[in-house]
Amino acid sequence: MASLDSLDFSLFRLSTDFCSPFAIFVQAQGCIINLILAFGWACAAFVRNREINRIKKSMRNGNNFAFLCHDISELEHSNQADLPSVTVIMPLKGFGEHNLHNWKTQLTSLYGGPQEYLLVVESTEDPAYHAVAKLITELEDSVKARIIIAGLSTTCSQKIHNQLVGVEAMHKDSKYVLFLDDDVRLHPGSIGALVREMEKNPKPCSMGFATGGQTFFLWGGCMMMHSEDFRQDNCGVVSGLRDGGYSDDMTLAAIAGAHKKLISSPAVAVFPHPLASDLNFGRYWNYLRKQTFVLESYVTKVNQVMNRALFAVHCYFSWGFVAPYCMAVIHVAAALRFRAREYSLEEMDYSSGGLTMVWILATCTLISLFSMWNLTRIEVLLCNILSPEAPRLSLASYNWFKVFVAMLVGNFLYPISAIRSHFTQSINWSGIIYHLKDGKINKIHRIPRRQDVAPVFTDLGGKHLYGKKGMPTKGSFLSSLSKRLFQWRQPKKSE
């Protein structure tokens with residue numbers, strides 16, 4: 001009993017200490033962070049919902065192709081003939097359960113201008129090679145696509161190497177180049193939307209960017225640029241990537257910032273990203289490590305300072321988000337223990353003031369979760385509108401309690417991952433270990449392809465890295481894709 005009372009005393013003392021001015025500041029800060037997140041998600045929901053209303057209004061006015069463009073006259077042959085040419089470069093590595101569907105959405109765009117697809121792999125031993133070669137064969141009558149073997153990277157990440165090899169092979173008349181990751185599930189009108197965004201600033205060599213997902217940050221998963229910027233190495237885009245580049249989007253974003261170039265994102269650039277059905281913590285941790293490791297790479301001193309500032313701010317607010325919930329657990333445990341043991345205030349030095357902060361934090365949490373739910377609901381609706389032929393997305397499988405727990409775990413682990421990245425200066429990305437020096441890759445080590453050391457899966461998509469598991473074994477599935485493509489390209493019948 002004495003030890004139990006001692007434990008109770010420590011719990012009540014800790015709860016009382018968490019009512020100090022500094023502790024209240026930490027808890028209030030957590031509430032403010034939740035409200036800021038809620039406000040940001042509400043603004044994003046407003047922008048997406050406005051786009052939904054615009055599409056629906058266009059449909060009511062008789063434009064059944066509003067998911068492609070708001071003005072149906074843009075689909076007339078005279079306008080389609082004047083559309084600029086686009087080269088789509090897809091750096092591939094490995095093969096996962098969602099890749100075939102993702103590649104199909106990328107290869108079957110309804111963009112009306114000239115387009116070519118360059119699918120770049122490291123070697124023919126990559127499982128992606130066999131899978132995508134089979135898919136291209138099935139779609140060869142309707143898609144201008146070819147596979148390029150890039151070979152091994154020596155001065156930059158393998159992804160950037162694949163991208164630059166693709167750039168060298170793109171058509172000389174291509175006006176825009178679009179980089180797509182293999183986990184991006186495009187909508188039929190996505191390329192057209194990105195081109196329209198680029199055409200708003202049509203000056204040659206302006207180094208404008210159209211991206212997906214976020215408005216103020218460049219995202220390498222879907223990134224369109226002027227082809228001429230790569231041909232002429234304007235602003236050092238090629239040399240910045242080639243000479244020690246690790247992250248394509250962070251490198252290009254730093255160059256764009258240094259030269260005051262525009263980065264923009266159309267409201268329809270929202271893409272579903274399905275996760276592997278057997279996702280585990282190991283792959284999540286590796287993904288998080290790669291996300292934090294990008295802050296260790298830089299191209300200029302100003303970029304280095306900005307990354308260090310982002311490192312510090314992100315770590316501070318990540319733990320600033322988690323800490324109030326740890327305090328709230330102590331407050332709730334102390335209150336429950338106080339009532340269960342029927343202590344009196346004379347027996348224990350305990351203040352129930354902490355429960356007030358718990359209620360405030362709970363209220364702010366519910367507001368932020370509601371804002372996140374609303375944004376997700378709107379984005380799911382927008383994705384369904386933009387891809388009317390695709391299987392419908394739904395919120396039915398969402399477990400919002402798990403989403404909340406994932407937010408806590410992710411923010412708790414972020415500073416740990418960032419600190420580890422800072423001190424190790426190395427990362428294992430898909431079986432390749434990159435070492436940084438002065439913000440650039442200076443050493444590349446490839447893990448031998450042996451079962452006892454090489455990972456079987458990588459990333460959140462759970463892709464096979466080695467072997468021939470990427471080769472489709474059933475022709476019926478690809479035949480179904482071809483049939484659906486044929487049906488998709490048929491003119492819509494008016495109801």
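**Close-up views of a predicted model**

The chain contains 15 helices and 12 strands, taken as DSSP runs (helices H or I, at least four residues; strands E, at least two) and numbered from the N terminus. This is a predicted model, in which local features need pLDDT of at least 70 and side-chain atom pairs count only at pLDDT 80 or more, while totals for chains, interfaces and linings use all residues. Residues are numbered from 1 along each chain as its sequence is written, and side-chain values use heavy atoms, with hydrogens and water left out.

**View 1. The whole chain.** Of its 495 residues, 50% count as buried (buried is under 20% relative accessible area, exposed over 50%, partly exposed in between; 1.4 Å probe, protein chains only). The chain exposes about 24400 Å², and carbon and sulfur atoms supply 61% of that area (Shrake-Rupley method, 1.4 Å probe; for residues, only the protein chains shown count as cover).

**View 2. Packing of helix 12 on helix 13****.** Helix 12 (residues 301-340) packs against helix 13 (residues 354-386) at an angle of about 130 degrees, and their axes are 9 Å apart. Axes are lines fitted to C-alpha atoms, for helices over the stretch in contact, and angles run from 0 to 180 degrees between N-to-C directions. That angle makes helix 12 oblique to helix 13 (under 35 degrees is roughly parallel, over 145 roughly antiparallel, 65 to 115 roughly perpendicular, the rest oblique). On the helix 12 side, Pro324, Tyr325, Ala328, His331, Val332, Ala335 and Arg339 meet Gly354, Leu355, Val358, Leu361 and Thr365 of helix 13 (contact means heavy atoms within 4.5 Å). The residues of this contact divide into eight nonpolar, three polar and one charged (Ala, Val, Leu, Ile, Met, Phe, Trp, Tyr, Cys and Pro are nonpolar; Asp, Glu, Lys and Arg charged; the others, Gly among them, polar).

**View 3. Cysteine 235 in a loop****.** Cysteine 235 lies between helix 8 (227-231) and helix 9 (237-242). Its phi is near 60 degrees, a positive value in a residue other than glycine. Most residues other than glycine have a negative phi. Cysteine 235 is partly exposed, at a relative accessible area of 28%.

**View 4. Aspartate 438 in a loop****.** Aspartate 438 is not a glycine, yet has a positive phi of about 55 degrees. With a relative accessible area of 57%, aspartate 438 is exposed.

**View 5. Asparagine 53 and leucine 382****.** Asparagine 53 sits in helix 2 (residues 21-60) and is partly exposed, with a relative accessible area of 42%. Asparagine 53 and leucine 382 are 329 residues apart in sequence, and 9.8 Å separates them in space, C-alpha to C-alpha.
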